[in-house]
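Here's a quick briefing for anyone meeting this structure for the first time. Take a look at the model, then read on.

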Amino acid sequence: MLHKVESNVFRPRHQPFSEDVVKRLKVPEGFEVSVFAHDLGNARMMAVADDGTLYVTRPDEKDVIALTEGASEPRVIASGLEGIHGIAIRDDRIFLATVHAVMAADLNEDGTIGKLETIVDDLPDGGQHGRRTLAFAPDGALHINIGSSCDACFESNDEKAANLRLDLKDKKRTVFAKGLRNMLGFDWHPETRVMWGVDHGVDHLGDELPGEELNRIEQGKHYGWPFCYGDRQPDWASFTMPEDAPKDEFCRTKTVGPALTFDAHASVINIRFYNAEQFPEEYRDDAFVTLRGSANRSDPAGYKVVRVMFDKGEPTGKEDFLTGFLSDDHQSEYGRIAGLAITPEGSLLISEDTNGVIYKVSYKGGVK
């Protein structure tokens, strides 16, 4: 079956932040939304230290800020970092990623950081998806996401459209999984320690195809891009052809389909499993996912946080968790959401990178 190429572009009007925006936002019964910090500029990825200090990368400002709730203003702890995006914290060290480099520094008790040292300086060039993300596997290896350089094309570098695994002891770097167009968000299930990632679908198949993906990420597996979309469907609108099998056979026999999908083009950004104790028991080991919001479909989708329910380590469904960033008529938006983090007391933090707001969702029991 041949697909015709169909691309729609529509961006809802952006509305500035105000207290009225907070009143618009909806969460399930018993939860409440508050503002952790605002006027932060291009606040993207976040990591929380053991002492509760929140560290945030700001690509437009080319820096990293540190802040605590209620602080008068954030502190810039690293600057002049072209392409800064990925961030992770482990063993009192902070790890940061730009397009080509991964750097690390000690965390100081006053919230500042020590001297940044470069661990990796030769990550592939960026192109369409140049924002790198970082997360630590349960065994201590650092995983690095490298997006594709294009919508659907051949990559000359095996490390593109792939998730890389870096052993910090011997600095050995390997391709962990591939065929991932832009898996910015990935995390490990707290009980099973299985890796799950959220990936972006291609742009040229109309409003409803392909859905954004939640994938079970396993070493050595291929997740379809640029040859396949959805549940191992060959992408006939793409000129790419695999070398070792016809495209339909390759998709069917050599790739892994998604475990679950979200609205097409909703721009899935981050995933974080909830392993704290503030939220009700039924939220334990479920995942939260940010859908930043579409720009390339005629009827906007995304602009929300979704909860993915897990049972015995497997996803069983999804439901809206934080909504209200998109107007009822879908013509205006009140923020495009990006990063997720969990505070030491178990609240969920959500960064919004257009108005520069970090929202906090807390459980207050039966009080609405």
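Phe154 sits in the loop between β12 (142-146) and β13 (162-166); strands here are DSSP runs (E) of at least two residues and helices are runs (H or I) of at least four, numbered from the N terminus. This is a predicted model, where local features need pLDDT of at least 70, side-chain atom pairs count only at pLDDT 80 or more, and totals for chains, interfaces and linings use all residues. Residues are numbered from 1 along each chain as its sequence is written, and side-chain values use heavy atoms, with hydrogens and water left out.

- Phe154 is partly exposed, at 48% relative accessibility (buried is under 20% relative accessible area, exposed over 50%, partly exposed in between, with a 1.4 Å probe and protein chains only).

**The disulfide**

- There is one disulfide, meaning a pair of cysteine sulfur atoms within 2.5 Å.
- Cys228 and Cys251 are the partners, with 2.1 Å from S to S.
- They tie together distant parts of the chain, 23 residues apart: Cys228 is in strand β18 (residues 228-229) and Cys251 in helix α2 (residues 247-254).
- The link of Cys228 and Cys251 is left-handed, with -95 degrees about the S-S bond.
- Cys228 is buried at 10% relative accessible area, and Cys251 is buried too, at 0%.

**Contacts of Phe321**

- Leaving aside residues up to four places away in sequence, Phe321 touches a set of residues including Lys26, Pro28, Phe279, Phe288, Arg307 and Val361; a contact is heavy atoms within 4.5 Å.
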